[in-house]
Amino acid sequence: TAFFGHRGTHLRRYAMATKAGLEIGPSTIFDARPSLVEPTVMHLGRILEEHSKVLQTNGQMELEVRLGVLRPFHAKSFQRVDLPCSSEALLIPKCKDFQYRFEPGLPPEIYAPLMKKLDALRKEQQMECSVTNEQTLDITYEVPNVQKHTGRSSLRVSHQKVLENEEKRWKVKGPAVLKNRFEVLDLFSGRSVPTKGPSIDLRVALSAEVAVKDMPRSNTHKLLLKREKHRRSYDFRAWRIDFTVVQSMHGDQLEKHLSYEVELELNAQILRKNLEAKMSNKPHQLWELLTDFLNAGRDLAVLASEPCPLPVPPSLPQLPPDEGRPAYQRELPGMPEPLIGHYLYRLAEGGWKHGKRKAEHAEQAADAAAEPAE
């Protein structure tokens, strides 16, 4: 699978052999050289190029893929958008004729088996990664006077649970982080086929995070969200997969919402290095990196949607031997036997027994008629 970075091997070999990159492919019979880069990857690369200058001046770049479900904007909780296509489709954001929303997270009955599948792959040494667990509390505030070119922004303060004086308490973890959201790409995974399990959609999100010295204050920043997270992370060479159980509270509300979120995050340093090389017309592997990253998200969605293997049925007690066939052969020697179904022997048994009783009654009637009357 793409978890190991093997999916784009043939692309890398072609790029190294031709030294022309993947944007110009081999010649076709029509004397054209179409690109070997997947259209979705190409679109994502163009978005990165458009925001490259802003990303370089806004701290650490963050590119992530989230698993979830695309639903109609005004839909019930279990309804998914139904589009007339069986394969993956890149949706147009903010379309007037088609409004939808992305609901991140997986149902618990899918979330837990998916994590077990990754643990099994790692135990069988089919997946090379390290695993870490952490518990954090993120408090998100609204940012006043946000500049328009920075996109949607929020201010996040992370806390880590520590043990102080034999008591666990939340302690601020590092400085506050200003997160600027730039672009999202929503991938519809195709029309659902009930026999193949539930369908999982993807959202690719691009943002930037920068550390802020001043902590937010209640009189200047509005509280938006509190999220207590129990996270298990699988760290690979170029990206990280996070499984997070989240308890969230919106604003001043006391009601808690429980969700199970799965996301992949691309290594920011590797992404920045390849993006800067491409922008400088130097050798790079940006297309291969983005291709493997998106394919890893697709593989994870497929693993989540495939039905779990059914358990082996319990062994049943051995049935007592059926006397139907020996009795049939004894009573009806030389007669054709049923091909299948022991119940046919039993039906035949009822027939000859009924015949025997009828013959006995006839014999008794004949004997009674032959006896002289007194």
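**Salt bridges and confidence**

Visitor: Does R298 count as buried or exposed?
Guide: The relative accessible area of R298 is 15%. Buried means under 20%, exposed over 50%, and partly exposed in between, using a 1.4 Å probe and protein chains only. By that rule, R298 counts as buried.

Visitor: What pLDDT do local features need in this model?
Guide: Residues are numbered from 1 along each chain as its sequence is written, and side-chain values use heavy atoms, leaving out hydrogens and water. The model is predicted: totals for chains, interfaces and linings use all residues, side-chain atom pairs count only at pLDDT 80 or more, and local features need a pLDDT of at least 70.

Visitor: In which part of the protein is confidence lowest?
Guide: The pLDDT is the predictor's confidence in each residue, from 0 to 100. The mean for the protein is 81, and 85% of its residues reach 70 or more. Where pLDDT is low, the predicted coordinates should not be read in detail. Confidence is highest in strand β11 (residues 257-266), at 94, and at a mean of 49 it is lowest in α1.

Visitor: How many salt bridges does a search of the whole structure find?
Guide: Side chains of opposite charge can pair when their charged atoms come close. A salt bridge is counted where a side-chain nitrogen of Lys or Arg lies within 4 Å of a carboxyl oxygen of Asp or Glu. Over the whole structure, the number of salt bridges is 19.

Visitor: How many residues apart in sequence are the parts that R298 and E38 tie together?
Guide: The side chains of R298 and E38 form a salt bridge, with 2.5 Å from N to O. R298 belongs to helix α6 (residues 286-305) and E38 to the loop between α1 (9-18) and α2 (39-50), so the pair connects parts whose separation in sequence is 260 residues.

Visitor: How many residues apart are D82 and R191?
Guide: D82 is exposed, with a relative accessible area of 55%, while R191 is partly exposed, at 42%. Their side chains meet in a salt bridge of 2.9 Å, N to O. The pair links distant parts of the chain, since D82 is in the loop between β1 (60-72) and β2 and R191 in the loop between β7 and β8; the separation is 109 residues.

Visitor: Over how many bridges do β7 and β8 pair?
Guide: Helices (H or I, at least four residues) and strands (E, at least two) are DSSP runs, numbered from the N terminus, and two strands pair if DSSP finds at least two bridges between them. Strand β2 (residues 89-90) runs antiparallel to β7 (residues 176-188), joined by two bridges. Strand β8 (residues 201-212) is also antiparallel to β7, and the number of bridges there is eleven.

Visitor: Which side chain does a polar contact join to that of R181?
Guide: R181 is found in strand β7 and is partly exposed, at 28% relative accessibility. A polar contact is a pair of N or O atoms within 3.5 Å; within protein, one must be able to donate a hydrogen and the other to accept it, and residues adjacent in sequence count only if both atoms are side-chain atoms. At 3.1 Å, the side chain in contact with that of R181 is the one of S154.

Visitor: What arc do the buried residues of α7 cover around the axis?
Guide: In helix α7 (residues 324-331), the buried residues are G324, A327 and Y328. They are on the same side of α7, because their arc around the axis is only 105 degrees.

Visitor: To how many disulfides does the count come?
Guide: A disulfide is a pair of cysteine sulfur atoms within 2.5 Å. Among the cysteines, C85 is partly exposed, at 23% relative accessible area, and C129 is buried, at 16%. Under the distance rule, the count of disulfides is zero.

How values were computed:
Arc of directions from axis to C-beta.
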